[in-house]
Amino acid sequence: MPHPSPHDLLPLTPVVFEILLALGDGECHGYHIMRHVETRTGGRVRLHAGTLYRALARMLADGLIAELDERPDPGGDERRRYYELTPFGIQVAEAEMARLDGQLRAARGTRLLRRGSR
C-alpha cells in the first residue's frame with residue numbers, strides 16, 4: 001500500500017517532530033532520543049518513556065521510522081531498540097519544516113511580534 005502524501009500527516013505533534021529531529025542526526029535508541037530532545041531544547045521538552053514509546057509505535061505504523069535489525073552498538077544493552085528515519089519520514093519532516101517556516105514568515109509579516117515587545 002503506498003504512503004499517503006507527506007502533507008496528509010501534517011501538522012505533526014510536537015513529540016513526533018522532536019523525534020524526527022533527533023533521528024535526523026542518525027539512528028539511535030529510545031533513551032538517546034529522550035536525552036537528545038531534552039538537551040536540544042535546553043530542558044524545556046522532556047519526553048517520558050510512555051509518551052516516547054507510544055509515539056514511536058505510531059511512527060512505525062505510519063512508516064516514518066523503521067526499527068533496525070542490527071544494533072549499531074553490538075556491545076550495548078540488547079534490550080534497546082534502534083530506530084532510523086525512512087525516506088517517507090524524511091519527506092514528512094521536510095514538509096513539516098516548510099509548514100512551520102511558512103507560519104513564521106506569516107507571523108513576521110504582521111505587527112503581532114512588534115506588539116509583544118512593548
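Predicted model: local features only at pLDDT ≥ 70, side-chain atom pairs only at ≥ 80, totals over all residues.
The backbone oxygen of E38 lies 3.5 Å from a polar atom of the T41 side chain. A search of the whole structure finds five salt bridges, and the pairs described here include E18 with R40, E67 with R81 and R99 with E96.

- T41 sits in the loop that runs between α2 (30-40) and α3 (49-62).
- With a relative accessible area of 4%, T41 counts as buried, because the cut-off for that label is under 20%.
- Just after α2, the backbone of G42 adopts a positive phi of about 60 degrees.

**The buried face of α2**

- In helix α2, the buried residues are G30, I33, M34, H36 and V37.
- Looking down the axis of α2, you will find these buried residues within an arc of 165 degrees, so they line one face of the helix.
- The packing partners of the buried α2 residues are α1, β1 (28-29), α3 and β3.
- R35 is also placed in helix α2, but R35 is partly exposed, because its relative accessibility of 46% falls between the 20% and 50% cut-offs.
- From C-alpha to C-alpha, R35 and A22 are 9.3 Å apart in space, and 13 residues separate them in sequence.

**E18 and R40: a salt bridge between helices**

- E18 forms a salt bridge with R40, and their closest N and O atoms are 2.6 Å apart.
- This pair links distant parts of the chain, with E18 in helix α1 and R40 in helix α2, 22 residues apart.
- E18 is buried at 10% relative accessibility, whereas R40 is partly exposed at 41%.

**R99 and E96: within helix α4**

- The side chains of R99 and E96 meet in a salt bridge at 2.8 Å, N to O.
- Both residues lie in helix α4 (residues 87-108), three residues apart, which is about one turn of the helix.
- E96 is buried, because its relative accessibility of 2% is under 20%, while R99 is partly exposed at 27%.
- As background, side chains of opposite charge can pair when their charged atoms come close.

**The segment before α1**

- H7 is found in the segment before α1 (14-23).
- At 53% relative accessibility, H7 is exposed, because that value is over 50%.
- H7 and Q91 are 84 residues apart in sequence, yet their C-alpha atoms are 9.1 Å apart in space.

Note on methods. Residues numbered from 1 in each chain as written. Heavy atoms only, no water. Helix = DSSP H or I, 4+ residues; strand = E, 2+ residues; numbered from the N terminus. Buried < 20%, exposed > 50% of the residue type's maximum accessible area, 1.4 Å probe, protein only. Polar contact = N/O pair within 3.5 Å; in protein donor to acceptor, adjacent residues only side chain to side chain. Salt bridge = Lys/Arg side-chain N within 4 Å of Asp/Glu carboxyl O. Arc of directions from axis to C-beta. Contact = heavy atoms within 4.5 Å.
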